[in-house]
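Subject: Structure handover

Dear colleague,

Please find the structure below. Some notes on what was found in it follow.

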Amino acid sequence: MSKRTSVAASGSAASSSNDATVSKSPALKDNKQDLLLSSDVGHFSLVRALHLADLITELNGLCGILSVFSSLRYCIATGHLASALNTEAHSTLYWALGFLPLGLFFDFFDGKVARWRKKSSMMGQELDSLADLISFGVAPASAAFAMGLRTPVDHLLLGFFVLCGLTRLARFNVTAAAIPKDATGKAKYFEGTPIPTTLATDAVMAYWISKGWIHEALPLGTLFTGTLLEFHPVALMFAIHGCLMCSKTIHIPKP
């Protein structure tokens with residue numbers, strides 16, 4: 001979830017009656033980033049346009065990418081091993097889940113740096129949301145697939161979860177200006193559960209790995225086994241989490 005309230009981004013979603021507020025934004029006073037991004041010439045202009053907080057956000061996205069790669073390595077390893085319960089393969093799956101708390105650290109840290117340096121931008125807010133989608137949406141779904149949620153219905157449920165995260169982040173970017181702010185200008189609450197709460201699901205999956213409850217040993221087994229509708233009931237955990245993220249009525253106070 002973006003900790004960097006971007007007046008520039010909220011201005012694009014607000015009506016023209018808010019122009020006076022936007023014009024006072026510190027982000028617009030320092031338009032170096034805008035000039036670099038819109039420039040037709042200049043080597044590495046995109047890199048030079050990034051703020052320090054943006055670079056930290058990129059590390060959040062990197063953690064998500066490395067998590068996905070670790071899940072893929074696990075799938076490859078178990079394909080060549082006689083048993084999916086091999087300890088060496090398990091370590092790869094632990095890495096897939098271990099990168100996600102590290103991504104959360106960078107997700108918190110980028111907001112603190114942005115407020116410390118008093119630099120925020122629409123690009124920073126978009127980067128934050130995209131990085132969160134990778135680290136707390138795509139990466140956990142990939143880990144769940146690697147652990148054994150591999151039926152067609154499982155795929156639909158995991159896909160639903162990721163799309164809920166995508167929609168929730170897009171809604172935040174559009175409605176950030178309408179959410180009540182505190183004295184520092186930070187939104188007072190999240191609408192729906194923030195996507196980093198997926199770490200609770202990750203903790204559950206890590207526990208299952210420690211117990212060897214993966215693949216055929218996944219808790220609750222499967223329903224409609226042997227049919228086109230076969231699925232693992234534990235996949236509903238992701239679907240429910242997706243619904244909570246998209247909720248309009250749930251308000252989670254910001255720390």
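The axes of helix α10 (residues 198-211) and helix α11 (residues 236-246) come within 11 Å and cross at roughly 170 degrees (axes are lines fitted to C-alpha atoms, for helices over the stretch in contact, with angles from 0 to 180 degrees between N-to-C directions; helices are DSSP runs of H or I with at least four residues, strands runs of E with at least two, numbered from the N terminus). The two helices, α10 and α11, are therefore roughly antiparallel (angles over 145 degrees). Thr198, Thr201, Val204, Met205 and Trp208 of α10 are in contact with Met237, Phe238 and His241 of α11 (heavy atoms within 4.5 Å).

This is a predicted model: local features need pLDDT of at least 70, side-chain atom pairs count only at pLDDT 80 or more, and totals for chains, interfaces and linings use all residues. Residues are numbered from 1 along each chain as its sequence is written, and side-chain values use heavy atoms, without hydrogens and water.

There are two salt bridges (a side-chain nitrogen of Lys or Arg within 4 Å of a carboxyl oxygen of Asp or Glu). Arginine 171 pairs with glutamate 191 at 3.9 Å, N to O; arginine 171 is in helix α9 (residues 152-175) and glutamate 191 in strand β1 (residues 189-191), 20 residues apart. Glutamate 191 also pairs with lysine 248, with the closest N and O atoms 3.2 Å apart. Lysine 248 lies in the loop between α11 and β2 (251-253), so this pair ties together parts 57 residues apart in sequence.

Regards

Methods
Parallel < 35°, antiparallel > 145°, perpendicular 65-115°, else oblique.
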